[in-house]
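Trainee: I have a new structure open and would like to go through it with you. Can we take it piece by piece?

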Amino acid sequence: MFPSRFRYEAPHSLDEAIALLHEGGDDVKVLAGGQSLVPMMKLRFASPEMLVDINNLPGLAYHRADADGTLRVGALCRHADLEFSALLKGTQPSMAAVAPLVADPLVRNRGTLVGSLCHADPQGDWASVVLALGGSVVARGPRGTRIILLADFVTGPFQNVLDQDEVAVEALIPAAQGARSGGYLKLERRVGDFATVGVAVAIETSGGNVTRAGIALTGVGGSTIGATEAARALTGQPLTADTIGQAAELAAQAARPRTDHRGSAEYKRHMVRTFVLRLLSRGNAAETAAETAERAA
């Protein structure tokens, strides 16, 4: 199919892009990677009157760490840039784990992390990782710049809090306050498919105890789910078989899956529990005990 007729603009500055969004009103969309938006337009699930292509905007294709360890990912940084990033492999285990699992190489070469966050697909992989890490989105519009925690950014499936004349220019990942560990596991029917179940875990430890924990779930609810009770059960505690098992159970309870052609709700909850156990057990002295708990679950 072909999309509905639309006006196409390709501004060369951020101020110009914001002005076009302000002019376009409610029927304008921003194009960065376009790997979700363009198919939706071809199917006429989305029919914007104007498309503002930001690919000509300079200085947005970066990912870099500040001196304090804060990670910044620009709006035009592609999935593939993150997939092969030496920076992520050394400092961001959860992000390094998810980057090669996003869709397929064709999508990863064009799609962007920031665009994925804005799209707010409940089965999107990046949102759960960024949520687990306590990340934020930086938005810029005619009224200035604001930083929005991802926990507050997504309001529902395919919905976010951006004003119509705002551009998401950057994602922020706060610096770790301890040794960072974690990962992302994804159940998919075939390589490149949407997640049937995805689990992101981000842990910071110091002195043998967890100083910060984040657990977030993909594909088991109407939007990305932050398993806050599960994360709270780990904070201030050592990673033991008991604390890992408790967190896994609480994460499974936080899931809101529906039975469909991909599996039953019970099966999806079981996979959430299993993935949390595996991720928390990696490289931990409690690994053997946690695997025993997994088999008994």
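Trainee: How many bridges pair E4 and strand E5, and in which sense?
Mentor: There are three bridges, and E4 and strand E5 (residues 71-74) pair in the antiparallel sense. Keep in mind that this is a predicted model.

Trainee: Which residue is the bridge partner of alanine 65 in E5?
Mentor: Leucine 71 in E5 is the partner of alanine 65. E4 and E5 form a hairpin with five residues between the strands, and glycine 69 there takes a positive phi near 100°.

Trainee: What does E5 join on through its bridges to E10, and how many are there?
Mentor: Four bridges join E5 to E10, and these two run antiparallel. In that pairing arginine 72 stands opposite leucine 172 in E10.

Trainee: In what order do the five strands of the open sheet come?
Mentor: The order is E4-E5-E10-E6-E7, with antiparallel pairing. Strand E4 (63-65) and strand E7 (144-149) each have a single partner strand and stand at the edges, so one side of each has no neighbour in the sheet. On average, neighbouring strands of this sheet are turned by 25° against each other, direction ignored.

Trainee: Which helix packs on the sheet?
Mentor: Helix H1 (residues 14-24) does, touching E6 and strand E10 (167-173). The direction of H1 makes about 120° with that of E10.

Trainee: How many bridges join E6 to E7?
Mentor: Six bridges join strand E6 (residues 136-141) to E7, and the two run antiparallel.

Trainee: Switching to the inside. How many residues are in the largest nonpolar core?
Mentor: The largest nonpolar core has 53 residues. Met95, Leu113, Leu117 and Trp126 are the ones with the most contacts inside that core.

Trainee: What does methionine 95 touch, leaving out residues up to four places away in sequence?
Mentor: Methionine 95 touches Leu71, Val73, Leu88, Leu113, Trp126, Val129, Leu133 and Ile173. There is also a second, separate core of 28 residues, which includes Ile215, Ile244, Ala251 and Ala255.

Trainee: New topic. Is alanine 252 buried or exposed?
Mentor: Alanine 252 is buried, and its relative accessible area is 1%. The residue lies in helix H11 (residues 241-254). Setting aside neighbours within four places in sequence, alanine 252 is in contact with Arg269, Val272 and Arg273.

Trainee: And glycine 207, buried or exposed?
Mentor: Glycine 207 is exposed, with a relative accessible area of 81%. You will find glycine 207 in the loop between strand E12 (197-206) and strand E13 (209-218). E12 and E13 form a hairpin with two residues between them, and glycine 207 in the turn has a positive phi of about 60°. From glycine 207 to alanine 179 is 9.6 Å, C-alpha to C-alpha, and the two are 28 residues apart in sequence.

Trainee: How many residues of E12 are buried?
Mentor: Eight of the ten are buried, so E12 is largely enclosed by the rest of the structure. Nine bridges join strand E11 (residues 179-187) to E12, running antiparallel, with lysine 186 partnered by glycine 198 in E12. Nine bridges also join E12 to E13, again antiparallel, and valine 201 has isoleucine 215 in E13 as its bridge partner.

Trainee: Last, the whole chain. How many helices and strands does the chain have?
Mentor: The secondary structure comes to 13 helices and 14 strands. The radius of gyration is 19 Å, close to the 19 Å that the globule rule gives for 297 residues, so the chain is as compact as a globular protein of that length.

Trainee: What share of the residues is buried?
Mentor: Buried residues make up 48% of the 297 residues in the chain. The accessible surface comes to about 13600 Å², and 52% of that belongs to carbon and sulfur atoms.

Conventions. Residues numbered from 1 in each chain as written. Predicted model: local features only at pLDDT ≥ 70, side-chain atom pairs only at ≥ 80, totals over all residues. Heavy atoms only, no water. Core = buried A, V, L, I, M, F, W, Y, C linked by side-chain atoms within 4.5 Å. Buried < 20%, exposed > 50% of the residue type's maximum accessible area, 1.4 Å probe, protein only. Contact = heavy atoms within 4.5 Å. Pairing = 2+ DSSP bridges. Axes fitted to C-alpha atoms, helices over the stretch in contact; angles between N-to-C directions. Rg over C-alpha atoms; globule rule 2.2 N^0.38 Å. Areas by Shrake-Rupley, 256 points an atom, 1.4 Å probe, with all protein chains shown as cover.
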